[in-house]
Amino acid sequence: MLYCTLPKPPNSLDLNGSHPRKIKLTAPNINLSLDQSEGSLLSDDNLDTPDELDINVDDLDTPDEADSFEYPGHEGQVAVRNAREPQEKESVIPEYTAEEEREDNRLWRTVVIGEQEQRIDMKVIEPYKRVIAHGGYYGDGLNAIIVFAACFLPDSSRADYNYVMENLFLYVISTLELMVAEDYMIVYLNGATPRRKMPGLGWMKKCYQMIDRRLRKNLKSFIIVHPSWFIRTILAVTRPFISSKFSSKIQYVSSLSELSELIPMEYVPIPESIIKTAAACKETCSVKDGLSDPLQKQK
């Protein structure tokens, strides 16, 4: 047998600066090109795989459809997701149907007043649309009679009174432009209108200022039926803001019978409340006239 003597391990560090000799290694040449040339990573030699790595998919065990994977700590997330599903279904935006679109078109009307496009809330003014109506024609041609019944105005005690009046104002002006073709007159029915329904000075001034120049010019008469001291005062106050031509067109009428002497009443819509008030006033006036008659006193 052969015996070899191993060198003894050093007992201390070499502090004299002697170091083992370093050996420099040279790396082999590697071709990193992506073609399938010799020595390339994609060459047939490098792409060959042993037969043992062939995998038969049919032999793999796959979980059944009924099998489920349960992860610890996910039960809470599943419960939260199930709880949110009904809310997510409820938050889905419903389809905007054609019927709903037609309904919205009926609730809102777009008009052009003073070269500006305006939108009218037709739903909020629905109870007050009777405030303006067509009363037929007078004279020759298409001279329209426009009836404005103040008794159909909204009550000033409404919380949204200003909003209603703004939309009603747009409705009145736009309707007036549609009704008038040539000359016209306005019959303002002031009877049976309590003070809380009377339009304010600012509203009436705004109406006059927003009326188109054509409508101002074609207005031939402004008849006020059953004028009260309040309406007379308003017109007196607004006189500085209106033209003298418009002031000359204002005419006061104290009764419906007097109105019938000025215009044809066949198509003039008179509210029932005004008819009752006029009848009661006529009866009261007759009693007063009878008491003031000397012959009536003798009897």
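Q: Which residues form a positive surface patch here?
A: A patch is made of residues with over 30% relative accessible area and no salt bridge, like charges being joined within 9 Å and nonpolar side chains (Val, Leu, Ile, Met, Phe, Trp, Tyr) within 5 Å. In this structure, Arg213, Lys217, Lys220 and Lys245 form a positive surface patch, and one of them, Lys220, lies in strand β6, residues 219–225. This is a predicted model, in which local features need pLDDT of at least 70 and side-chain atom pairs count only at pLDDT 80 or more, while totals for chains, interfaces and linings use all residues. Residues are numbered from 1 along each chain as its sequence is written, and side-chain values use heavy atoms, with hydrogens and water left out.

Q: Is Lys220 buried, partly exposed or exposed, and what relative accessibility does Lys220 have?
A: Buried means under 20% relative accessible area, exposed means over 50%, and partly exposed lies in between (1.4 Å probe, protein chains only). Lys220 has 44% relative accessibility, so Lys220 counts as partly exposed.

Q: How many salt bridges does the structure hold?
A: Side chains of opposite charge can pair when their charged atoms come close. A salt bridge is a side-chain nitrogen of Lys or Arg within 4 Å of a carboxyl oxygen of Asp or Glu, and the structure holds 3 of them. One joins the side chains of Arg196 and Asp155 at 2.5 Å, N to O. Arg196 lies in the loop between β5 (184–189) and α5 (201–210), and Asp155 in the loop between β4 (144–149) and α4, so the pair ties together parts that are 41 residues apart in sequence. Asp155 counts as buried because its relative accessibility is 17%, whereas Arg196, at 47%, is partly exposed. Lys129 and Glu126 also meet in a salt bridge, at 3.7 Å from N to O, and Asp160 forms one with Arg158, the closest N and O atoms being 2.8 Å apart.

Q: What span does helix α4 reach, and how many of its residues are buried?
A: Helices (H or I, at least four residues) and strands (E, at least two) are DSSP runs, numbered from the N terminus, and the expected span of a helix is 1.5 Å times one less than its number of residues. Helix α4, residues 161–179, has 19 residues and reaches 26 Å from its first C-alpha to its last, close to the 27 Å expected. This helix, α4, is mostly covered, with 14 of its 19 residues buried.

Conventions:
Areas by Shrake-Rupley, 256 points an atom, 1.4 Å probe, with all protein chains shown as cover. Lys, Arg positive; Asp, Glu negative; His and termini not counted. Charge placed at Lys NZ, Arg CZ, Asp CG, Glu CD.
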